[in-house]
Amino acid sequence: MVLRGKPEEVIGKLLKTGKPLLSAKPTLILWEKDTEPYALKRDAAIIKLAKQNHVEVRTFSGHTLWDVEQALAKNKGKAPTTNNAMQTLAKALGEPAKPLAIPSKLPPLPPGAKAYDVPTLKQMGYAGSVQGYLSGGETAGAARMATMLKKTSFIRTFKKPQTRSTAYDPPDTTMLSPYFKFGCVSIREFYWGLKKVCSGASHSKPPESLLGQIYFREMAYLMGASIPNFDQQAGNPSCKQIPWAKNPKMLAAWEHGRTGFPYIDAAMRQLNRVGWMHHLARHAVACFLTRGDLWLSWEQGRDVFDKLLLDADWALNNMNWLALAGVAPWSPPFFRVYHPVPKMDSALNVKDPEAARERKRQYIYAPWTAPMEVQKTAGCIIGKDYPKPMVDHDEVCKANLLRFKRALSKAPSTGADCDTHGKALRSSITRCSKAESSTGFSRFGFYQEAPHRPFFKPPDRCTT
């Protein structure tokens, strides 16, 4: 059942009278632990009400592999900030608990109760509806997970950096993240399913493997539960203090896919229509909004993702935006910027087996460079049928990275690696010729994503 209203009022009534679920006052209430700030305040209020009504409270951990509090205690109260450190902690914690057996039966609903009375999108404040790319619920989630666990070759060879952002139907990834976020399926069940498939066989390793992706998720929850003000710049000890600009028009253009850069716009329009983007697309649009081009706060981008992503998860969303804005200890060096015009042979491009068609598509990511006759033939006049680029990337990139460097030199370090990044920037200028020929870079600050490097801009182009 879905009960609606303020938790203190609805559950407060339930604790006093049992209504609308029970015929009498309850003696016990149970719920799954939630580590988000809002949830902590809500649960504290419910615990207080339960004590007032002499109702026993029991909480349990089930949304993560390990209990968050116990995992942090094992790591001296600090969250790992690299996948390797998370793997080390995982070994120290031991294997997570196996999922419980499926209940053989459930008690009937109270007389007159309406099952699955889920609010509509309109009731939750959304003006339109998304295209039906994924079906929600446990049944659909369990079916998808069962299908994925049967793909033994896919699981054993999976390497996240080698997946493509343009693979859509079918996608290059599992698409299970929305189901994990809402608790439709068990992360522990998936973990043990992966272990079974990989047991005794050669398989990819963390951080690139599917197990590595689960470790990233676990790491985000530990960060969110232990870093003060994790969801904002102010008062966040793991966030560099950057004087981001405010520009509502630019933010709106980015959110609705009207920047004039087709790759960025396609990604954002996909987000608006189906509620999902591949991780490389998320990285590209996040960098574009922040240090790469628009110089707008990661908090604003985070809020858009939180509103539109089907798998929007408080801990993961904040961890990723902090990383891609270049402001966290787990960020890649801030001067490594995603270029909004991918190369035609990059991981972000749709591969076309017909070379002739490939040549015709040479302007697809930079249509403003197409001759007017080509634009007319295509029926797309830049500035009329499609917007002109809202910024000159090379110019704003150079200016933004200088801003970033100045901000680091003026402000005291609020993250563990502020000084490290400053030294990296200075030393990188002497190595720019080597960087130009590099095959990859740490796209998420955790691992090398060779051989494709669609967005790498050498430091000399942006800072000298």
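**Group meeting: a walk through the cores**

Let's start at one tryptophan. W254 touches T259, I264, M268, V285, F288, L289, L294, G301, V304, F305 and W321, leaving aside residues up to four places away in sequence. Keep in mind that this is a predicted model.

Now, where does W254 belong? It is in the largest nonpolar core, which has 91 residues. W254, V327 and W330 are the ones with the most contacts inside that core. Which helix gives the most to this core? Helix 9, residues 210-226, with 10 residues. There is also a second, separate core. That one has 6 residues, including L15, I46, A50 and V55.

Back to W254 and its helix. In helix 10, residues 248-255, the buried residues are L251, A253, W254 and E255.

Next stop, a loop. T173 lies between helix 6 (152-157) and helix 7 (177-181). Is T173 buried or exposed? T173 is buried, because its relative accessible area is 11%, and the cut-off for buried is under 20%. Its contacts are F154, F158, K160, T163, W276 and H278, again without residues up to four places away in sequence.

C184 has a relative accessibility of 18%, so it counts as buried. C397 is at 0%, so it counts as buried too. How many disulfides does a search of the whole structure find? The search finds 0.

Let's step back to the whole chain. It has 20 helices and 2 strands. There are 464 residues, and buried ones make up 46% of them. Then the contacts. Take those with a separation of 6 or more: residues 24 or more positions apart account for 72% of them. Last, the surface. The accessible surface of the chain comes to about 24,000 Å². Carbon and sulfur atoms hold 55% of that surface.

To recap, go back to the model and find W254 in helix 10. Then look for V327 and W330, named with W254 for the most contacts inside the largest nonpolar core. Finish at T173, in its loop between helix 6 and helix 7.

Terms used. Residues numbered from 1 in each chain as written. Predicted model: local features only at pLDDT ≥ 70, side-chain atom pairs only at ≥ 80, totals over all residues. Heavy atoms only, no water. Helix = DSSP H or I, 4+ residues; strand = E, 2+ residues; numbered from the N terminus. Buried < 20%, exposed > 50% of the residue type's maximum accessible area, 1.4 Å probe, protein only. Contact = heavy atoms within 4.5 Å. Core = buried A, V, L, I, M, F, W, Y, C linked by side-chain atoms within 4.5 Å. Disulfide = S-S within 2.5 Å. Areas by Shrake-Rupley, 256 points an atom, 1.4 Å probe, with all protein chains shown as cover.
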